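Hi,

Here is the structure I promised to pass on.

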Amino acid sequence: MGNSGKEADASLGYLTRKDTEVKLPRPTRVKNKTPAPIQITAEQILREARERQEAEIRPPKQKITDTGELADYRLRKRKEYEDLIRRVRWNISVWVKYAQWEESQKDFSRARSVWERALEVDYRNHTLWLKYADFEMKNKFVNHARNVWDRAVSLLPRVDQLWYKYIHMEEMLGNVAGARQIFERWMNWMPDQQGWLSFIKFELRYNEIERARGIYERFVECHPKVTAWIRFAKFEMKNGDIVRAGNVYERAVEKLAEDEEAENLFVAFAEFEERCKETERARCIYKFALDHIPKGSAEDLYRKFVAFEKQYGDKEGIEDAIVSKRRFQYEDEVRKNPLNYDAWFDYVRLEESVGDKNRVREVYERAIANEPPAPEKRYWQRYIYLWINYALYEELDAEDAERTRAVYRLCLQQIPHDKFSFAKIWLLAAQFEIRHLNLKGARQILGNAIGKAPKDKIFKKYIEIELQLGNMDRCRKLYEKYLEWSPQNCYAWSKFAELERSLGETERARAIFELAIAQPALDMPELLWKAYVDFEISEKQIDRTRQLYERLLDRTKHLKVWISYAKFEASAMGNDDDNDDDDSEEVTISEDQKKLCIQNARSVFEKALNYFRTSAPELKEERAMLLEEWLNMESNFGELGNVALVQPKLPKKLKRRRPINSEDGLSGMEDYVDYVFPEENNAPNLKILEAAYKWKKQRLSSSDE
C-alpha cells in the first residue's frame, strides 16, 4: 500500500499518482490584518486564479495496431467491468454500459449474456427490457427480439410501453396478424382506455370496421364511462350509421343516467339529435337531463339548452330555458349559503313569475326551513320576511285562506317570544282575520300578542280597531293594560285623555292627566304637559291653566315654559265665569280686559327675567332670547304695548375668543358671541357677585348631600 503512489496506472497513461497530483502552495499565515492601501475585487481574484491554473492532465489516446494489443485491451476492459459489477451489482447503468461495450466490440453473444445476467439482478426494471430488445432489433435479431418482448410482457403485463413497442415491431415487420394477436393478449389484462383506443386505431388503419366495432363493445363493457360511450357513438356517426349511433346513446343513458359525468352524455346525445334535425327529441333530452341531474353539476347543460332554445324554440320555449338557467343560478347560490335570504327572495320571485304553485310552495318551504343560527333579532329581521311573503302569496295569489292561517300560526310558534318578537307578524295575522270577518280570531291573536310580547304598535292597532268598531269599554281596558305595561309612555296617557274628552268625560280626562304628571318617570314630559295645558285651554279653564303653568314652573324653569306662559297670559281674555255663555254668542273684549292680559304677560316676563338674572346668570343667551320675545310681544300689542319697557334691558352683543379644551390640552381658539347686559356695565363688581353666587350654590349642594 505504501508504494501505491509510485506504481504506474493504466487509466492515467501509465503515469504515477504522484505525477498527476496538483501541487498547491502552502497557506501563509497572515500577520498584518489591516486593510491594504490598494483593494482588489473578487472578480480580479477569480480571474488571476483562472490564469494561474495548470492545464488538466489527461491520459493519452491509445492506438491498437495488432490483435495481441486488442486482446489485451478487451481483457483489461472486461476485468474492469467485472470488478465494477462485483462492487455495485445493483447499479443497472453499469450493466447497460458493459453490454453496450460488448455490442460495440461486435461480440453479440457476450452482450446477450450480459443482458441476461442483468435481468437476473432486476427483471422488474422495464427500462432494461426496452434496451435489451432495442439491442436485438438494432442488430436485426428479430426472433431474439420477439423472445425478449414475449418474456417482457409476460413478466410485466402492466407496463404499457412494452406492449406498444412489441406491437410496433410486429407492425413494422408487416406481421399484422401477429400484432393483432399481441393486442388480444394485452386486452385480456384490461388495460386503460388508451390501450383499447390504440387497438381500435390499429384495426381502422387496416379498414377492419367490424373488428373495430366489436372492440368498442368490449371497450364500453370494460370501461363503462361516459367518454367511452361518446367515442363509440362518434365512431358510428363517422361511419355513417346513424341508427347504430342513436342506439349507442340510448344504451349509454340507460346505464349511466345517474353517473356524475352524465351531463356530458346528455349534451352529446342532444347535439347528436340536433345534427340529425330531430329538434323535438333534442328538447326532450335536455328537459329529461335537467330534471334528473343535480343542479350543482348542470351548468354546461343549462347553457347549451338556452342556446338550443334561442336557435330552434318559440317565445315560450326561450323563456322556459332562461327561467331554467336562472333557477340553476339560484340553486347554486342557496346551496353554497342556505342562510343567504336575499337569494331565497330572488328565487321565490322567479318561481312566482312562472306561476307554478307547487314549485313556489316548495321553494318557500325550503327557505323557511333555514332558521337563523342564533336567537338574536338582528339575525331574524330578514328571515321573518320569508314568512310574511309566504303568507301574502297564499292569501293573494293562491287565494287559500286555510293555508294562509296555517302559515301565520306556524310563524308565530317558531318565533322565540321570550327573547324577542315582531309586532308586524301579529298585526298581519290579525288583519288577515279581520279581512275574512273573523273578529273573534283577530281579538284572540292580538290578546295573545299583548300577553306574550306587548309592543307599542300592537296596543295602538288593537285600540284603533276597537275604536273603529265603537267598543269604548274595550278601548279603556286596552289603555289601562297599555299604561300598566308602560306607565312612562306620554303618548298613551295623552291618547287616553283625548279619548275620554272625545266622549265628553272631562273630569275623567283631567284625572288621567293628573295621574300622568304624577308619574315618577316619563319619556317625553314636555309633550304631556303641553297636551294637559291645551286641554285646559280648550275647556276655557283660565285659572286652571294658570295654576298648571305655575306647577310646571315649580318643576322646570325652562325658557320655553316662560315664553309659553307669557303668551297664554297675553291671549287669555276673561276668566272661567265670563266664558260660560253659549259658544255661538260673540264675546266682546273690553279695553280693561286687554290691559289686564298684557299686565299679566309682563308680570310673567318680569318673573322670568328676575329668575335668569339672579338664579341663573350664566344663561345669558336664554335671557337675551327672553327679552327679544318680550320686545316682539310688546310691538305686537300695538297702541297698548310699551317697547320702552324692554329696550333699556336689551344686552349688547360682543364677539370674543376663548380657548378650546381637549384631552391633550389646549388645541386652539374659537369665536363666540357674548352678551353684556346694562346692569353689568353699572356694576363693575358683578364678577365678584357671580363668584359669590357660585360659591353659595356649591355650598348649598354640598349641604344637601
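The chain exposes about 44,200 Å², and carbon and sulfur atoms supply 50% of that area. Keep in mind that this is a predicted model. Of its 705 residues, 36% count as buried. In secondary structure terms, the chain has 34 helices and four strands. As for contacts between residues at least 6 apart in sequence, 48% of them join residues at least 24 apart.

R275 belongs to helix α14, which covers residues 262-275.

K106 is not a glycine, yet its phi is positive, near 65°. You'll find K106 in the loop between α4 (92-104) and α5 (108-121). With a relative accessible area of 61%, K106 is exposed, since anything over 50% gets that label.

E399 is another one to look at: again not a glycine, and again with a positive phi, here about 55°. The loop that holds E399 runs between α20 (377-397) and α21 (401-414). Its relative accessibility is 64%, so E399 counts as exposed too.

Is the charged residue E351 buried or exposed? E351 is buried, because its relative accessible area is 0% and the cut-off for buried is under 20%. E351 sits in helix α18, residues 341-354. Leaving aside residues up to four places away in sequence, E351 touches R327, D356, R359, V360 and V363. Two of those partners, R327 and R359, are arginines, which count as positive, while E351 and D356 count as negative.

A367 is part of helix α19, residues 357-368. Which residues does A367 touch, not counting those up to four places away in sequence? They are W344, Y383 and L386. There is also a distance to go with it: A367 and N340 lie 27 residues apart in sequence, and their C-alpha atoms are 9.5 Å apart in space.

That's what I have for now.

Cheers

Key:
Residues numbered from 1 in each chain as written. Predicted model: local features only at pLDDT ≥ 70, side-chain atom pairs only at ≥ 80, totals over all residues. Heavy atoms only, no water. Helix = DSSP H or I, 4+ residues; strand = E, 2+ residues; numbered from the N terminus. Buried < 20%, exposed > 50% of the residue type's maximum accessible area, 1.4 Å probe, protein only. Contact = heavy atoms within 4.5 Å. Areas by Shrake-Rupley, 256 points an atom, 1.4 Å probe, with all protein chains shown as cover.
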